[in-house]
Amino acid sequence: MRIPYCALIVTVLSIGCGEKNNGKIPITTSSSEARRLYLEGRDLSEKLRIRESLSYFQQAVENDPDFALAFLALSNNAQSARDFFENLDKAESLAGDISEGERLMITAARHGASGHPGKQTEAYEKLVALFPRDERAHNLLGASYHFAEQKYEKGIEEYQKAIAINPKFSSPYNSLGYALRSLEKYDQAADAFKKYIELIPDDPNPFDSYAELLMKTGRYDESIENYRKALSVRPDFPNSYIGIACNQIYKGAYDEAMAELDRFYAVAKNDGERRTALFVKALAYVDQGKWSEAAKEIDQQYALAEKSADAGAMSGDLFVLGALLLEQGKADQAQSTFDRALKISDESSLSDGARANTRRFHLLNSGLVAIQRKDLKAARSMADDLMAQAKEAHNVFQIMGSHQLLGMIALAERNFARALAELYQANMQDPYNLYRIALAHEGKGEKKKAEEMFGKARNFNALATLNQHFVRLKMR
């Protein structure tokens, strides 16, 4: 039986390197070189230098083909849906001879991939209970509370615990800044990002994260300046090209945005980055109401995914194309496109959980089509089905999606009080829901509150989010 590498250097007995040694999650590998490579990759990954980290993780599994945690890292940092699932499957297949902590990390990743964020959080809670002195365990749990469930206060608490254990661990400062931003505590978020910059000033992501906060608060030129700082550190850092382009879109400088995205496409090192450049170009066209041009960019995205037989990405691209059609009022074409997306997923080799997750998203999208067709009875049935399935899957965001559908149905029925009751339980980080809430307040005659929510929707300043540009176009 293989044991964690750190155990090999201190004892010949089967003793892990968890609580009996330094309280950290073990790293199980038979190769000292694989472990060294993994740790170097992990450091780069935690600084969001994703592209660089991948070569280290790949070398780690070449040195130890049974290195489950390295395959998990390859999955978490994958540049395509296909690579994500293939490496997660491999990590899972190797989980029999590793520590309980490592198994919990792989289990949590599988729950996330299957659209079960509540179960993912439960796995990380068990991880923290086993390793309360591991800063990374707290950081993972914090991210699950924060990003997977929108429990920002609980996420902040875990990030602060991670920082207390290791004040020089940079990653939780970044996530802390984003959690505070979501609570509109912008000054505190800025302090977290500035501390992040202080800890690793020679890395691009701290400047990139602070730039995103500046964009959020409408300080577009300052934001671009900080994105440029990130690129001065690493000229091929992909996130910053996207951030600059989004700022330029918000300023209405579409030609400059397109030029920035062309520069990004030229330095892109893989199809994942090229697909991102194409997607943001589509957003720029949506912002201008240029629907056919936007669709062409997504078609190019789809072609890249099809070339590598990436079923997950192909399905996702069709969901985006369906959303574009639906926003134009083309309900029948949208439904047909959503159905194609589902068919690709159902006929793929993706895991049962991933396919089931796609089916739930298809139910949400079909509900949106039914509302546009004014078939509110069918839409309500779909919303109820989605609620039941999402609760069973512990999927917070799909539960929110059911509330969104019910709120939209109530809006269509001009039951504005009911619409507000539902929509305030929908995803409040989706600017389209803020817009719908504004419509409901307006319908109730609550003009001041409606104006406030319309402003929040239009100026949400999300990074590369389709619904943001639907709202901006609609409000113009």
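Buried means under 20% relative accessible area, exposed means over 50%, and partly exposed lies in between (1.4 Å probe, protein chains only). This is a predicted model, in which local features need pLDDT of at least 70 and side-chain atom pairs count only at pLDDT 80 or more, while totals for chains, interfaces and linings use all residues. Residues are numbered from 1 along each chain as its sequence is written, and side-chain values use heavy atoms, with hydrogens and water left out.

**View 1. Tyr241 and Phe264 form a stacked aromatic pair.** Rings of Phe, Tyr and Trp (its six-membered ring) pair if their centres lie within 6.5 Å; planes under 30 degrees apart are stacked, over 60 edge-to-face, and the rest tilted. Here the distance is 5.6 Å centre to centre, with 10° between the planes. The pair links distant parts of the chain, 23 residues apart: Tyr241 lies in helix H14 (residues 238-251) and Phe264 in helix H15 (residues 254-267). Helices (H or I, at least four residues) and strands (E, at least two) are DSSP runs, numbered from the N terminus. Tyr241 counts as buried because its relative accessibility is 9%. Phe264 is buried too, at 1%.

**View 2. Phe84 and Phe85 make an edge-to-face pair.** The count for the model comes to 11 aromatic pairs. In this one, the ring centres are 5.0 Å apart and the planes stand at 85°, so the pair is edge-to-face. Phe84 is partly exposed, with a relative accessible area of 22%. Phe85 is buried, at 14%.

**View 3. Ring pairs build a cluster, and charges sit over rings.** The cluster links Trp291, Tyr432, Tyr435, Phe454 and Phe470. Arg436 lies over the face of Tyr432, at 4.1 Å from the ring centre. A charge sits over a ring if NZ of Lys or CZ of Arg is within 6 Å of the ring centre and within 35 degrees of the ring normal. The charged end of Lys216 meets this rule over Phe460, 3.2 Å from the ring centre.

**View 4. The largest nonpolar core has 80 residues.** A nonpolar core is a set of buried Ala, Val, Leu, Ile, Met, Phe, Trp, Tyr and Cys residues joined through side-chain atoms within 4.5 Å. Those with the most contacts inside this core are Val280, Val286, Ile298, Leu324, Leu405, Leu466 and Phe470. Helix H18 (residues 311-327) gives the most to the core, with nine residues. A second, separate core of 39 residues includes Ala73, Leu74, Ala108 and Ala113.

**View 5. Leu324 and its contacts.** Contact means heavy atoms within 4.5 Å. Leaving aside neighbours within four places in sequence, Leu324 is in contact with Val286, Trp291, Ala294, Ala295, Ile298, Leu466 and Phe470.

**View 6. His441 is a buried residue of helix H24.** The helix covers residues 431-443. His441 has a relative accessible area of 7%. With neighbours within four places in sequence left aside, its contacts are Leu420, Tyr424, Glu446, Lys449, Ala450 and Met453.

**View 7. The whole chain, for orientation.** Its secondary structure comes to 26 helices and zero strands. Along its principal axes the C-alpha trace spans about 75 × 45 × 45 Å. Of the 476 residues, 57% count as buried. Among contacts between residues at least 6 apart in sequence, 55% join residues at least 24 apart.
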